[in-house]
Amino acid sequence: MGFRSTLINTGKLILKCTLVTAPLWGFPIFCANNILAYAGSDYVGAIWINDLTQTKQSKYYSTLVIGDSTANSAYLPEVLSDDTVNLALAGSSPVDGYYTLENYLNNNKAPKDIFVSYMDYHLDDDSFTWNVSNYIHKFTLEQNEEIYKAIEKYSDLSVAALTTDNDYETEVKKYLYYSPQIYSYSVFQAIDGKRYKSNTAAYEDVNIRLGRYCQITNNQYEPEGIMGYSTFNVSPLQEYYYKRILNLCEKKHIAVHMVKLPLSTDAGFIDDYETEVTDYYDELLEDYDDADFYWFHTTYEHEFFSDAYHMNNHGSFRFSRELLEQYPDVFEDSVDDYSRARMLAIDADIAGENYMGELTKRIDNKPFTLIFLDSTGNLSDFYYMSVGYNDKDVQWLDVEDNNSYALWFLSGDGAAFPDNIQVTTSDNSVAVTIGEEVTYLTPADGPGIRFCVIDNKNKSIVCTRQSVWDVEKGFRDIY
Amino acid sequence: MLFNSTEFLLFFPIAVLLYFVFPKKIRNYWLLICSYFYYMCWNPKYIVLLVASTVVTYLSGLVMEWAKNSGKAEAQIVKIKNWTVAASFVLNIGLLFYFKYINFAMDTITRIMAKFGIAVTAPVFDVVLPVGISFYIFQALSYTMDVYRDEIYAEKNFFRYALFVSFFPQLVAGPIERSKNLLKQLATPGEFNYDNVRSGLLTMMWGYFLKMVIADRCAILVDTVYNNVSGYFGYQLVLASVLFALQIYCDFMSYSTIAIGAARVLGYDLMENFHLPYFATSIKDFWRRWHISLSSWLRDYLYIPLGGNRKGRIRKYFNIMVTFFVSGLWHGAAFTYIFWGVLHGIYQIIEDVLKPFTDKLLEKTKINPDNKLLYVCKIVVTFIFVDIAWVFFRANSIGDAFTVLKNSLYTANLATIKVDLWALGLDMRNMGMLMVGTLVLFISSVMRANGDQSNKTLLVEWISRRNFIIRYALYWSCMLMIIFSMDITGQEFIYFQF
C-alpha cells in the first residue's frame with residue numbers, strides 16, 4: 001500500500017471516527033450552553049448567582065449579601081432596596097463566599113456595602129459547596145488550585161477528598177471539560193425536557209427575587225426542645241477566607257457588615273457562647289476600619305422559622321425590616337423607590353401569602369390596589385380583625401344591582417382608585433380589566449370575601465384570594 | 001488505567017498513532033513501552049513481578065531450547081527440560097501464591113487448627129493483589145509448556161517475548177493468549193490496515209456498550225441485593241441472580257471484546273474468549289464457550305496432563321474435580337469461588353453419569369434430538385444450573401449464597417411489586433436502558449448463533465453494511481447510550497481482581 005493511499009485512508013478514518021463519536025464531543029458543547037436544560041432543581045439558585053457574578057451587569061448594585069442558606073432566606077432584597085442583591089448560596093461557607101465576591105468584582109463595579117452572614121456550622125466545618133460550584137463552573141482552575149493550597153495549609157487533605165477516587169485536579173478537570181462521567185446522569189434524567197421547563201421558571205423566580213431562593217415558604221418550625229448553643233468556633237480554613245473577604249473589601253473600599261442572624265426562641269445560648277461570639281468578631285474586625293459586627297440578639301418566635309435555622313417568609317420580612325432600621329444609611333435609597341423589578345419580587349411574596357395580616361404589611365406604602373368583593377356585609381369585621389390596619393380605610397367602589405355583593409377597594413399607598421383599572425359588575429362575577437387583560441372575580445365559595453391584589457406599577461393582578469366566614473370562628477385565613 | 005477511563009481514551013489513540021508513525025523496526029519496542037506504562041499506571045512497583053515472570057519464563061524457554069540442540073542424550077534432555085519447567089512453574093506459581101493466596105492459606109490453616117482445638121495465630125501478610133497477575137502468569141507458563149512440549153521454538157528476542165507477556169490490550173484481564181497465536185504474530189509488526197482499524201474500533205465500541213450500558217447497570221441492582229441478602233425475597237433475589245449472570249458475562253466479555261478490538265487496531269488477532277455461553281445446551285458445552293482462553297488452558301495444561309479421560313471413569317472424574325477446583329481457586333482466594341468451581345465439577349460428573357440415561361430416554365420417547373423445543377429447554381435448564389453456581393460466585397459468603405437460594409423460593413407479593421422493584425437501585429429510566437441494552441445483546445447473540453462463525457455475523461459488522469443514515473443513527477444511539485452510562489458507577493472490570 002502506497003504512502004498516498006495510507007494517507008487517504010487515515011484521513012477517512014479520522015473523519016469517520018469524528019462522525020461516529022459526534023455525540024461524545026457534542027455532549028460537552030451541549031452541557032456548556034444549556035445548563036438549565038439538565039441541571040437538578042437544587043442548582044438553579046446557584047446558577048443564577050453564578051450568572052450574575054460572572055457577567056457585567058447593566059444595573060449597579062450598591063449592596064450585596066453573601067452567606068449561606070440562612071442568609072439567602074433571611075435577606076429580602078425587595079424589602080431592603082432596589083440596589084440590593086442576595087448572593088448567598090445554600091451550603092456555602094466563607095470559602096465560597098470569597099469567590100462569589102471575587103467573581104462579582106472581576107466583572108462589576110464594587111458595591112458600597114456587603115452583608116456577610118454564616119450559620120455557626122458553616123464556620124466550624126471545613127466543607128463548602130465544592131461539587132455544586134464546580135458543577136456550575138463557578139471556580140476557575142486557578143481558583144481551585146488556590147482552594148487546594150489553602151486546604152493543604154489550613155486544614156486536612158481529607159477535605160480535598162471531596163472528589164471520588166481521583167485526585168483533586170483530575171476531578172476539577174472533569175467538571176471543567178463537562179465530562180460525561182459528571183454530567184451524563186443529569187442529562188439523562190432531563191431527556192424528557194421537563195427539567196428545562198421547570199428550571200427556566202425557577203430561574204425566572206430567582207431573578208425576580210434578586211437571588212433569594214431558599215426556604216420560600218410560610219411553613220412553620222415546630223421545635224423539639226432547646227437547641228443549646230454552647231461553643232462558637234471558626235475553623236482556620238474558614239477564618240482564612242473570612243480575612244480574605246475583609247481584605248478584598250478593604251482594597252475595594254467596601255463597607256463590611258457581619259451580621260449574626262436572629263435565631264428562634266428555642267436557640268438557648270448557654271455558658272460563654274455569647275462572649276465567645278462577640279470576642280471573636282471584635283478580634284477579627286479590629287484591623288479593619290470599615291467593618292462592623294451586629295448580632296440580632298432578639299430571638300424570633302418559632303412561627304417565623306421554617307426549621308431550626310432558616311426563617312420563613314414572615315421571618316425574612318420581619319428581619320429585613322429590622323435590618324432597614326438598623327442600617328438606615330446603607331438603605332437610604334430604599335423608601336419610596338419601588339422599581340418594576342422590585343415590585344415583581346414583592347408580588348411573588350404576596351402570591352405565596354396565606355395570612356391577611358402579613359399580606360397587608362407587604363403592600364403598605366407601595367403601589368398596590370386591593371379589590372374586595374364582599375357578600376357578607378361584614379367587610380369591616382374582616383378588615384379590622386384580620387388586618388388591624390388602621391392607617392387607611394377601605395373605600396367604597398360599587399355594588400351589584402341586586403345587592404348580592406358590594407365592591408370595596410384598598411390602596412397600599414393611599415392613592416385614589418387607578419384610572420387604568422376598569423371594574424364591571426354582573427350577576428355572578430366582577431370583570432377587572434387592566435389594559436387588555438380581563439380577570440373575573442366571583443363571590444367567595446359560601447359567605448365570605450373574595451379579593452384580588454393588583455400591582456399598579458406592573459399593571460398586573462398578583463393573586464386572587466378568598467376568606468370564608470364561619471359562624472363560630474369568624475373569618476378564616478385566606479386561601 | 002481502566003479501559004473505561006478518560007486516561008485510556010487519551011492513551012490509546014496516542015499509542016496507536018505513534019505505533020504506525022514509527023518505522024517497523026521499533027514498533028514492538030514502542031508497544032512494549034506502552035504496555036509497561038499501561039501496567040505501571042496502576043502501581044509502578046509491581047512491574048517488578050511482571051518483569052520477573054517474563055525473565056524466568058524467557059530463560060526457561062532458552063534453556064530448554066539449548067538442551068534440545070545440545071546433542072545430549074535424550075534422557076538427559078528430558079531431565080533438563082523437566083527441571084527447567086518445574087523451576088519455571090515453582091517460581092511463577094510461587095509468586096502467584098504469595099501475592100494471591102498467602103493470607104487465605106494462613107486463615108484456612110488457622111481455622112482448621114481451631115476445629116481441632118489448636119489455637120494458632122497465623123501471621124497476616126501485608127500484600128496487595130497485583131492486577132492481572134493470574135492472567136500474565138498463566139500466559140507466560142503456557143509459553144514454557146509449549147516450548148517443553150516442542151510445540152514452538154523458544155523465542156530468542158527478549159523484547160518480543162516481553163511484549164507477548166505484557167501486550168497491553170489483554171494484559172490485565174485476558175484473553176490468556178497462547179504463544180502459538182500471539183507470539184507468532186508479534187514477529188511481524190502490524191501494518192496500518194484501514195479495515196482492521198475500522199473493525200477494531202467498532203469492536204471496541206461494542207465492548208464499551210456491553211460494559212457500561214449493561215454490566216454496570218446490572219451491578220447496581222446486584223450489589224444492592226447481594227450486599228443485604230436477608231433483606232430481599234423471592235423475585236428480587238431471582239432477578240438479582242439472573243442479572244448477575246448477565247453482569248458477569250457482559251463485564252468480562254466486554255473486556256475481552258475491547259482487548260480484541262484494540263489488538264485488531266494494531267494489526268493483531270486475539271483469540272475469541274466467549275462464544276454465546278448462555279446458549280450452551282449442557283454444562284460441558286458451557287465450558288467450551290465461557291472464558292475459552294482459561295478453560296482451554298486448564299484443559300491443555302492440567303486436565304490432559306493429569307490423564308484426562310484416558311485412565312478410566314473414576315480417574316476422569318477425579319481429574320474433572322481437580323481441574324474445576326483449580327479453576328475456582330484461580331478466580332479468587334475465597335471459599336465461594338472454590339465452591340463455585342467444585343459445583344461445576346459436580347455438574348459435569350452428574351451430566352456425564354446421566355448421559356446414557358438421557359440418550360436412552362430420548363430414543364425411547366422418539367424425540368428428535370434436533371427438536372427446537374428440546375434445544376430451548378436444554379438452554380434454559382443449563383442456564384438455571386449455571387446461574388445457581390453464579391450465586392456462590394457472587395455471594396459475600398457461602399452462608400449468604402444459601403440464603404439467596406432458600407429465600408428465592410418465596411413467592412412475590414404482586415401488590416407491592418411495583419414499589420419493591422424500584423427499591424432495588426435502578427429507577428425506571430435505567431431499568432429501561434438496561435432492557436434495551438439486553439435486547440440488543442440478545443439480537444446480536446441470535447444473529448451470531450444463526451450465522452456462520454465469520455465476523456460478518458457480528459452485529460457491529462452488520463451495522464457497518466447498512467446505508468449511511470441507518471448506520472449513523474445506530475452508531476449515535478449506541479454512543480448516546482454509552483454516554484448516558486458513564487456516571488452510573490464507573491465500576492472496575494470484575495475480572496481485574498483475578
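In the predicted model, the centres of domain 1 and domain 3 of chain B, taken over C-alpha atoms, are separated by 29 Å. The two domains touch through eight residues of domain 1 of chain B and six residues of domain 3 of chain B. On the domain 1 side, α4 (74–115) and α5 (133–148) of chain B each contribute at least two residues. The largest share, four residues, comes from α5(B). By class, this side of domain 1 of chain B has five nonpolar, two polar and one charged residues. The division of chain B places domain 1 at 16–187 and domain 3 at 294–385. Domain 2 is made of two segments, 193–274 and 395–498.

Helix packing was examined next in chain B. Two packed helices are described by the angle between their axes and the distance between the axes. For helix α1 (residues 6–21) and helix α2 (residues 24–40) of chain B, the angle is about 165° and the axes lie 9 Å apart. Angles over 145 degrees count as roughly antiparallel. α1(B) and α2(B) are therefore roughly antiparallel to each other. Their crossing is right-handed. From α1(B), the contact draws on B:F11, B:A15, B:L18 and B:Y19. From α2(B), B:R27, B:W30, B:L31, B:C34 and B:Y38 take part. Eight of the contact residues are nonpolar, none is polar and one is charged.

Chain A holds an open sheet of five strands. The strand order is β2-β1-β3-β4-β5, and the pairing is parallel. At the edges stand β2 (84–86) and β5 (291–295) of chain A, each pairing on one side only. From one strand to the next, the twist averages 20°. Strand β4 (residues 255–260) of chain A is joined to β5(A) by five bridges. A:V256 stands opposite A:A291 of β5(A). Helix α7 (residues 94–107) of chain A lies across β1 (63–67) and β3 (113–117) of chain A. The helix runs at about 150° to β1(A).

An antiparallel pair also occurs in chain A. Strand β12 (residues 448–455) and strand β13 (residues 460–470) of chain A are joined by eight bridges. Within this pair, A:R450 has A:Q466 of β13(A) as its bridge partner. The hairpin of β12(A) and β13(A) has four residues between the strands. In this hairpin, A:K459 takes a positive phi near 55°.

How values were computed. Residues are numbered from 1 along each chain as its sequence is written. Chains are lettered from A and ligands numbered from 1 in the order in which they are written. This is a predicted model: local features need pLDDT of at least 70, side-chain atom pairs count only at pLDDT 80 or more; totals for chains, interfaces and linings use all residues. Axes are lines fitted to C-alpha atoms, for helices over the stretch in contact, and angles run from 0 to 180 degrees between N-to-C directions. Angles under 35 degrees count as roughly parallel, over 145 as roughly antiparallel, 65 to 115 as roughly perpendicular and the rest as oblique. A crossing is left-handed if the near helix is turned anticlockwise from the far one by less than a right angle, and right-handed if clockwise. Two residues are in contact if their C-beta atoms, placed from the backbone, lie within 7 Å. Ala, Val, Leu, Ile, Met, Phe, Trp, Tyr, Cys and Pro count as nonpolar, Asp, Glu, Lys and Arg as charged, and the others, Gly among them, as polar. Domain bounds come from an automatic or database domain assignment. Two strands pair if DSSP finds at least two bridges between them.
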